[in-house]
Amino acid sequence: MGVTAGLLVDAIVHWHLAEPFGLAAPGGWGGDTVFRLQASAAAIAALLVLLTGRLAAYAFGLLVAGSALAAVLAATWFVTPALGPIPAMHDPAWYPLKTLSAVAEGMAAVLAIAALLPRRRSEPLGQTPQRNRQNG
């Protein structure tokens, strides 16, 4: 449920912030388009995780949340150059919605990684699994 929640927060914040980042890039997309694409990808990933629970959905959620977190950190610390139609971005300030989005993306990414890790049957705390008596 945490992956879904993190992705939904990411989607809502990006959709809400799209308009203020609507500066047009000459010959490319504006920041509003990039933010709306991110919001859409996060919403789709959240629905896939929620409705299917499949490993592929968690992998897609990790890709969406991880790339969004990497982008927000890069755009905060560096002037990111334009990449194809994607405009150059730099936003060094941390404000509540940006912080909320980054935390939600980080949480979704970490929980998606945890969901993708192989699982062992859980044993009660402090006990080790009993060996098969035939194999010693």
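Predicted model: local features only at pLDDT ≥ 70, side-chain atom pairs only at ≥ 80, totals over all residues.
Residues are numbered from 1 along each chain as its sequence is written, and side-chain values use heavy atoms, with hydrogens and water left out. The chain holds four helices and zero strands, where helices (H or I, at least four residues) and strands (E, at least two) are DSSP runs numbered from the N terminus.

**Overall architecture**

- Read from the N terminus on, the elements of the chain run α-α-α-α.
- With contact taken as heavy atoms within 4.5 Å, 62% of the contacts in the chain between residues at least 6 apart in sequence join residues at least 24 apart.

**Packing of H1 against H2**

- H1 and helix H2 (residues 31-52) pack at an angle of about 160 degrees with their axes 8 Å apart, the axes being lines fitted to C-alpha atoms, for helices over the stretch in contact, and the angles running from 0 to 180 degrees between N-to-C directions.
- H1 and H2 are therefore roughly antiparallel to each other, on a scale where angles under 35 degrees count as roughly parallel, over 145 as roughly antiparallel, 65 to 115 as roughly perpendicular and the rest as oblique.
- H1 passes H2 in a left-handed crossing, a term used if the near helix is turned anticlockwise from the far one by less than a right angle, whereas clockwise is right-handed.
- The residues that meet across this pair include Leu 7, Leu 8, Ala 11 and Trp 15 in H1, and Phe 35, Arg 36, Ala 39 and Val 49 in H2.

**Packing of H1 against H4**

- The axes of H1 and H4 come within 8 Å and cross at roughly 150 degrees, and the two helices are therefore roughly antiparallel to each other.
- The crossing in which H1 passes H4 is left-handed.
- On the H1 side the residues involved include Gly 6, Val 9, Asp 10 and Val 13, and among those they meet in H4 are Leu 97, Leu 100, Ser 101 and Ala 104.

**Packing of H1 against H3**

- The axes of H1 and H3 come within 11 Å and cross at roughly 40 degrees, so H1 and H3 are oblique to each other.
- Here too there is a left-handed crossing of H1 past H3, with the contact made by Val 3, Leu 7 and Asp 10 of H1 and by Tyr 58, Gly 61, Val 64, Ala 65 and Ala 68 of H3.

**Individual residues and their surroundings**

- Val 9 lies in helix H1 (residues 2-17) and is partly exposed, with a relative accessible area of 28%.
- Leaving aside its neighbours within four places in sequence, Val 9 is in contact with Leu 100 and Ala 104, while Val 9 and Ala 102 are 93 residues apart in sequence and 9.7 Å apart in space, C-alpha to C-alpha.
- Ser 101, placed in helix H4 (residues 96-116), counts as buried because its relative accessibility is 6%, and beyond its neighbours within four places in sequence Ser 101 is in contact with Asp 10, Val 13 and His 14.
- Ala 57, in helix H3 (residues 55-77), is buried with a relative accessible area of 5%.
- Asp 91 lies in the loop between H3 and H4 and is buried, with a relative accessible area of 17%.
- Once its neighbours within four places in sequence are set aside, Asp 91 is in contact with Phe 21, Ala 75, Thr 76 and Lys 98.

**Charges over rings, and aromatic pairs**

- The charged end of Lys 98 sits over the ring of Trp 94, 4.8 Å from its centre, the criterion being that NZ of Lys or CZ of Arg is within 6 Å of the ring centre and within 35 degrees of the ring normal.
- The charged end of Arg 36 likewise sits over the ring of Trp 15, 5.6 Å from its centre.
- The structure holds zero aromatic pairs, where rings of Phe, Tyr and Trp (its six-membered ring) pair if their centres lie within 6.5 Å, and planes under 30 degrees apart count as stacked, over 60 as edge-to-face and the rest as tilted.

Methods:
Buried < 20%, exposed > 50% of the residue type's maximum accessible area, 1.4 Å probe, protein only.
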